[in-house]
Amino acid sequence: MLDKAAGVGGGEAVSWHTLAVPAVAAKLEVDVSSGLSPEQVLRRAIRVGGNTITERPPRPPWRMIVDQFADFMILVLIGAAIISGVVGDVKDTLAIIAIVSLNAVIGFIQEFRAEQAITALKKLAAANAMVRRDGVRMVVPAIELVPGDVVVLEAGNVVPADLRLIEVAQLKVDESLLTGESVTAEKHCQPLHHPAAPLAERNNMAYKGTLTSYGRGLGVVVATGMATELGKIATLLEGAAEPRTPLQQRLAAFGRRLGLAVLAICVLIFTVGLLRGEPVVLMFLTAVSLAVAAIPEALPAIVTIALALGARKMAQQHALIRRLPAVETLGSVTYICSDKTGTLTQNRMRVEEILVAGSSTRQWQGQMNDPSGRALFTAMALSNDAAAGRDGSMTGDPTEVALFAAAAAAGFDKAMLEADAPRLLELPFDSERKRMTTLHRDAHGIVAYTKGAPEAVLPQCRTLLTGSGEVPFNLQELSAQAERMATEGLRVLAVALRHWPELPQTPDTELIETGLCLVGLVGLMDPPRPEARKAVSLCKTAGIIPVMITGDHPATARAIADQLGIAGAQDVVMTGPELARLSEREFNARVADIRVYARVDPAQKIRIVEALHARGECVAMTGDGVNDAPALKRADIGVAMGKGGTDVAREAASLVLLDDNFATVVAAVREGRRIFDNIRKFIRYAITGNSGEIWTIALAPLLGLPIPLLPIHILWVNLVTDGLPGLALAVEPEERGIMQRPPRPPQQSIFAHGMWQHIVWVGLTIGAVSLLTQAWAIHVLGSAHWQTMVFTVLTLSQMGHVLAIRSERESLFQQGLSSNPSMLAAVLLTLLLQMATIYVPFLNPIFNTEPLSLSELVFCLVISTSVFMVVELEKLLVRRGRLYS
């Protein structure tokens with residue numbers, strides 16, 4: 001029965017939308033009031049499988065290995081080596097193929113690590129669902145849902161499976177993903193009569209992947225995974241490969257242009273060699289080997305590795321990167337626009353003060369015997385969607401949890417009250433009304449409880465509830481009380497009620513939320529996070545302007561902003577209504593001076609982002625609600641809340657805070673700067689070293705010197721210098737003062753700040769040192785080991801270079817060799833391998849090397865340090881403002 005009902009196992013499909021709720025429950029063998037038992041979940045999970053949509057599988061390891069040999073120049077090199085072996089020396093052929101294979105292994109390891117890092121990030125980003133199981137509400141991974149699960153839907157949720165709705169409260173769902181309809185669908189739970197009704201008309205169903213935009217609902221899972229409507233069209237949703245980041249695209253284009261230039265130089269070297277009478281096969285191998293070593297085809301792949309591994313490290317620091325380009329952008333952020341509640345504050349709301357019958361107190365426990373106090377605590381318990389688990393833990397919105405806890409502490413148990421006053425209707429909270437209402441049956445008929453922002457509730461009130469009944473209402477006096485509480489840093493809610501003889505026929509907010517009787521005001525405290533003030537200070541030091549955006553009262557916003565150092569007493573707090581009155585030009589002129597926004601609607605966040613963009617700023621914007629999604633998409637870095645945010649906001653964001661903490665945003669910016677710095681260092685190192693090899697081989701014939709290196713030497717230098725030292729640069733610690741420098745302009749070239757000049761002149765220096773070694777060995781020392789000496793100097797010079805560029809400004813002597821153990825190990829291992837090619841006897845014929853005498857080795861070591869010294873001199877001039885300033 002279950003297999004057929006769930007749309008798996010080959011049974012006849014069920015038209016769930018035509019069944020009444022009891023029939024749905026019976027068919028799925030579930031008690032909707034308590035949900036499935038753990039045993040039922042386990043059995044169904046084994047039978048049905050995971051609630052996943054089949055994606056295009058990742059590249060298998062064998063494919064990654066094969067792809068390492070797919071490059072055209074690699075294939076040409078292997079082919080040329082085989083020809084060389086047939087007509088000449090087989091050992092050279094075997095050596096070249098061995099080195100190419102080693103290079104492929106390193107490339108495979110790099111790609112595999114990047115793939116694993118990205119897979120790990122996807123697992124971290126997996127969605128959750130709120131379910132009712134065994135009578136308890138709980139959050140479970142959406143992948144673990146099974147047919148028959150009872151799922152709770154709230155505004156902002158992504159529907160986790162195909163659901164037959166069994167309970168709704170003003171529920172609206174955006175089904176454009178499936179139906180193409182841009183208007184949200186209003187849902188109900190009544191059965192329909194047409195089995196063949198199109199998806200867009202099945203308004204008692206909610207389908208996997210669609211977005212809950214308003215209200216609440218309860219639904220039973222009727223299909224999971226590939227059995228869902230989304231699963232049926234999964235093949236249409238399979239996208240192409242993950243798009244490259246902007247940096248990868250720029251580097252790929254640069255690599256192609258550089259590759260053409262290298263090929264031209266290689267053709268020139270081949271031609272000059274032939275004209276000098278060099279063997280054709282040797283010159284061809286030399287030219288192709290140089291092309292393989294010097295063309296930076298791996299740059300985009302290295303960027304992927306750096307970004308993916310950096311993103312994985314960020315995840316360990318509670319910042320989950322959902323899109324890799326965000327890592328690049330983080331280093332350019334100039335404004336961080338942050339929500340207050342839960343991000344800058346601890347999100348640990350507690351009721352601090354109440355006002356009933358016109359008087360306030362912080363000793364509210366004694367108010368429970370007063371009629372107005374009883375009415376307030378009853379409203380706080382009933383007009384509330386928070387829930388308590390069996391272990392005493394509470395789930396729900398932090399504000400509602402605080403109200404729930406305060407009511408419970410005063411002796412007003414929600415479950416007991418609901419037994420006598422069940423909820424009949426709900427008008428959910430939205431950002432336009434800034435209030436919510438629930439209607440309940442009581443002994444006198446129907447009572448409606450309304451709670452929300454004081455300025456949204458107080459104008460709707462006509463009377464004030466006191467111990468002697470309802471009395472005339474003084475709006476000005478009570479507004480002043482709310483203002484006073486807000487200036488003390490409290491978040492203020494107004495609570496009101498209205499009695500009805502019977503349930504209103506239509507859920508009309510204009511009708512139900514007027515003519516109210518004010519029950520009281522509730523002041524809640526949400527203290528600032530201890531680390532937030534330090535993070536705000538660090539932002540300012542780094543040239544980043546923190547801005548606080550909140551829906552709270554202006555006085556509350558100012559008090560918190562002052563405590564955190566975001567704004568001072570002289571700074572202006574702009575409210576949402578004030579912002580709405582400003583023209584685009586007027587707001588653009590003022591936006592740079594505003595540090596605090598209060599009573600702002602989510603839609604107005606888009607105006608703030610666009611105004612800052614008009615000034616050329618790079619904006620990070622936080623948000624957690626459904627209506628925040630457009631602003632998160634519009635911002636350069638959309639930041640969603642991982643704990644308290646909605647699925648819709650997380651889908652729109654490029655960065656998710658797993659701890660909802662402002663300090664984590666700042667830490668992510670810091671990490672983004674480090675990652676970008678390290679990518680620049682790798683590019684600087686790789687292209688400079690490659691250019692040094694080109695200059696060495698290209699200039700030797702022009703100076704009347706023999707070809708300085710054999711193909712095996714070129715490939716070996718490329719293998720040992722680009723391999724481990726290059727990877728070690730990816731884990732280089734952040735530079736000192738990384739958060740004391742201004743943000744990087746987004747469109748700034750990666751070769752800015754003297755990088756291209758460095759590549760040119762240091763590459764020439766490496767070439768000059770190598771050629772000087774060759775000339776000295778031939779003409780002064782008369783050494784027969786000149787080729788081994790050039791081979792050694794070229795390798796050691798690049799080791800000196802990689803040590804020197806660990807910082808763009810700071811001397812290695814200040815950094816210390818031990819500050820990057822991976823780099824130290826990589827350099828030592830490279831030196832050891834290089835010495836092995838010279839002094840291990842059986843390697844000499846393979847690499848065409850000869851053991852150097854002590855004096856020759858000392859000469860090589862000394863002259864190789866010249867590259868290190870000139871780069872240190874360059875950094876000294878940079879620190880003194882003489883270069884690249």
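This is a predicted model: local features need pLDDT of at least 70, side-chain atom pairs count only at pLDDT 80 or more; totals for chains, interfaces and linings use all residues.

Reader: How many helices and strands does the chain have?

Author: The chain holds 35 helices and 26 strands. Of its 885 residues, 54% are buried.

Reader: How do I read contacts along the chain?

Author: Look at how far apart the partners are in sequence. Among contacts between residues at least 6 apart in sequence, 72% join residues at least 24 apart.

Reader: How many residues of H27 are buried?

Author: Buried means under 20% relative accessible area. By that cut-off 36 of the 41 residues of H27 are buried, and the helix is mostly covered.

Reader: What is found at the start of H27, and what comes just after the helix?

Author: At the start, a side-chain oxygen of Asn661 comes within 3.0 Å of the backbone nitrogen of Ala663. Just after H27, Gly704 has a positive phi of about 75 degrees. A positive phi also follows helix H21, where Gly565 takes about 85 degrees.

Reader: Which residues of H21 are buried, and what do they pack against?

Author: The buried residues are Ala555, Thr556, Ala557, Ala559, Ile560, Ala561 and Leu564. They pack against several elements, including helix H18 (475–487), helix H20 (532–541) and strand E19 (491–500).

Reader: Back to H27. Is Arg674 buried or exposed?

Author: Arg674 lies in H27, which covers residues 662–702. Its relative accessibility is 6%, so Arg674 counts as buried. The side chain of Arg674 makes a polar contact of 2.6 Å with that of Glu671. Leaving out residues up to four places away in sequence, Arg674 touches Lys313, Ala730, Val731, Glu732, Pro733, Glu734 and Ile738.

Reader: Where is Pro733?

Author: Pro733 sits in the loop between helix H29 (724–730) and helix H30 (755–780). Pro733 is partly exposed, because its relative accessible area is 35%. Beyond four places in sequence, Pro733 touches Arg674, Ser819 and Asn820. Pro733 and Ser819 are 86 residues apart along the chain, yet their C-alpha atoms are separated by 7.6 Å.

Reader: Which residues does His801 touch?

Author: His801 belongs to helix H31 (residues 786–804). With a relative accessible area of 0%, His801 is buried. Not counting residues up to four places away, it touches Arg684, Tyr685, Thr688, His758, Val762, Val867 and Val871. From C-alpha to C-alpha, His801 and Tyr685 are 7.3 Å apart, although 116 residues separate them in sequence.

Reader: How do I read a pocket?

Author: Ask for its volume, then for its lining. The second largest pocket has a volume of about 980 Å³. Its lining has 33 residues, and the closest to the centre are Arg132, Arg137, Arg216, Lys414 and Glu418. Among the elements that give two or more residues to this lining are strand E4 (162–174), strand E7 (211–223) and helix H16 (414–420).

Reader: How many residues of that lining are nonpolar, polar and charged?

Author: The lining of the second largest pocket has 14 nonpolar, eight polar and 11 charged residues.

Methods: Residues are numbered from 1 along each chain as its sequence is written. Side-chain values use heavy atoms; hydrogens and water are left out. Helices (H or I, at least four residues) and strands (E, at least two) are DSSP runs, numbered from the N terminus. Buried means under 20% relative accessible area, exposed over 50%, partly exposed in between (1.4 Å probe, protein chains only). A polar contact is a pair of N or O atoms within 3.5 Å; within protein, one must be able to donate a hydrogen and the other to accept it, and residues adjacent in sequence count only if both atoms are side-chain atoms. Contact means heavy atoms within 4.5 Å. On a 1 Å grid over the protein atoms alone, a cavity is a set of points where a 1.4 Å probe fits but cannot get out, and a pocket is an open set with protein on both sides within 12 Å along at least five of seven lines; lining residues have an atom within 4 Å of a point. Grid points are joined across faces, edges and corners, and a volume is the space filled by probe spheres set on the points. Ala, Val, Leu, Ile, Met, Phe, Trp, Tyr, Cys and Pro count as nonpolar, Asp, Glu, Lys and Arg as charged, and the others, Gly among them, as polar.
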